[in-house]
Amino acid sequence: GVERVAVQHHHAHVAAVRADAARRSGLSPSQVRVLGVEEVDWPDTSLGCPEPGKFYAQVITPGYKITVRAGDTDYEYHADRTGRFVLCVRGQPSAR
């Protein structure tokens, strides 16, 4: 399907996200399941996940929404095409 192609195409992004979710959950990256990879044009450089009080350049930023599951928890990551990503929790970036 379309999704599988996307996952292979964005393999480096997905690998980085899986490693981050694994670190947060205490699991190994191989135990982190990729639920979806979507191409998204974020409205600004916050990647759709602004930190309160922080200024972001109002420029369309192409990237991806990558959803993974570690254990019983789903993690939604917002990424740009350069490999920068943020874990988005309730619309705000999660602390590292």
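Is E38 buried, partly exposed or exposed? With a relative accessible area of 44%, E38 is partly exposed, where buried means under 20% relative accessible area, exposed over 50% and partly exposed in between (1.4 Å probe, protein chains only). The structure is a predicted model, in which local features need pLDDT of at least 70 and side-chain atom pairs count only at pLDDT 80 or more, while totals for chains, interfaces and linings use all residues. Residues are numbered from 1 along each chain as its sequence is written, and side-chain values use heavy atoms, with hydrogens and water left out.

The side chain of E38 meets that of K65 in a salt bridge (3.8 Å, N to O), a term for a side-chain nitrogen of Lys or Arg within 4 Å of a carboxyl oxygen of Asp or Glu. Because E38 lies in strand β1 and K65 in strand β2, the pair ties together parts that are 27 residues apart in sequence; helices (H or I, at least four residues) and strands (E, at least two) are DSSP runs, numbered from the N terminus.

These two strands belong to an open sheet of five, in the order β1-β2-β3-β4-β5 with antiparallel pairing, where two strands pair if DSSP finds at least two bridges between them. At the edges stand β1 (33-42) and β5 (92-93), each with a single partner strand, so one side of each is left without a neighbour in the sheet.

Elsewhere, D20 forms a salt bridge with R24, the closest N and O atoms being 2.6 Å apart, and another with R23 (3.0 Å, N to O). D20 counts as buried at 5% relative accessibility, whereas R24, at 24%, counts as partly exposed.
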